[in-house]
Amino acid sequence: MSRPGNTSHITDSTKKAEPAEGVGSTGPHKGAGTGAQHATGHVTEVRSDRGQPRPSGLEIARMPSAAERTRTLVHSTCSSVLLITGLDGARPEQLMPRLRNVGPHGDLFLLFPADSPAVRAATHAHDDELSAVLALTDVAPVSVPHRIRGRAWITGWLTRVPGLAPPGSMTLRLEVDEAYVDDLWGAMSVAPEAFAAAEPDPLASHETELLQHLHASHGEQVRSLCGLVEQGPDGMKSVTPLALDRFGLRVRFQDHAGHCFDARFEFPEPVTDLTGLRRAMRRLFEAAEG
């Protein structure tokens, strides 16, 4: 079991990486209690094409799978647009589904106004061979550098499903062929079988509210996490909670020179509900303050 405050640390790529105590390691855990784990190991970050910090070796042991991350985005409040082959001239807002759901076999069910361009395209398609892509964009609910946390694309074949939607609306089914996610954890393809079998993160429906609450009401406690990554709080321009899942909390640090890095604070064990999360967060802040 990981100890509270166990940290996977990603340093800014402009700085030289040196071994540091109190930073996540690929080696065995040491000690016990409520303080931060002491281990050695310090890696330089990898950045995406958009400049987003990403893990480099330390965060792969306890993390949601690519399929779980994609399912989480579908079930979250992130924005989405349905891109349909051969459909030109439609405005992006006309292609945004009102609702998104995943069926028991992994198909996506998307709710649109009955007169939307997407519904018209599906109505006039022949032989159920209308290809489409659901593009999802995940933006951090608090202001941070590189605010887009991730994107996902789910491709497949689009058909109408009459009888499921209320009057004035129509449900479209996207039979998933493949998916691809590019986010804080990295970029990876997802097979339709894996997508169908995956479950969204249990904190997904609460993440936006929880991160905003941490940022607005617990800023000093979040800032105290500087001690667990051996960074002085005075040297940081901002310390912002960036992402939350059942395995831990990711925080983005930015210094006064504009350099930023992420640190991942693992929970002792995966949390499944808000009660477990409150317990895990309390232990994390106690570790930072002690």
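A: Buried is used here for residues under 20% relative accessible area, exposed for those over 50%, and partly exposed for those in between (1.4 Å probe, protein chains only). The model is predicted, so local features need pLDDT of at least 70 and side-chain atom pairs count only at pLDDT 80 or more, while totals for chains, interfaces and linings use all residues. Residues are numbered from 1 along each chain as its sequence is written, and side-chain values use heavy atoms, with hydrogens and water left out.

The structure holds nine salt bridges, each a side-chain nitrogen of Lys or Arg within 4 Å of a carboxyl oxygen of Asp or Glu. One of them joins Arg 69 to Asp 183, with the closest N and O atoms 2.9 Å apart. Because Arg 69 belongs to helix H1 (residues 66–75) and Asp 183 to strand E10 (residues 169–183), this pair ties together parts that are 114 residues apart in sequence; helices (H or I, at least four residues) and strands (E, at least two) are DSSP runs, numbered from the N terminus. Arg 69 and Asp 183 are both buried.

Another salt bridge brings together the side chains of Asp 138 and Arg 149 (3.0 Å, N to O). Asp 138 lies in strand E8 (residues 130–139) and Arg 149 in strand E9 (residues 148–161), so the pair ties together parts eleven residues apart in sequence, and both residues are buried.

Arg 252 pairs with Asp 262 in a salt bridge whose closest N and O atoms are 2.7 Å apart, and these two residues are likewise both buried. Finally, a network of salt bridges links Glu 68, Asp 201 and Arg 246.
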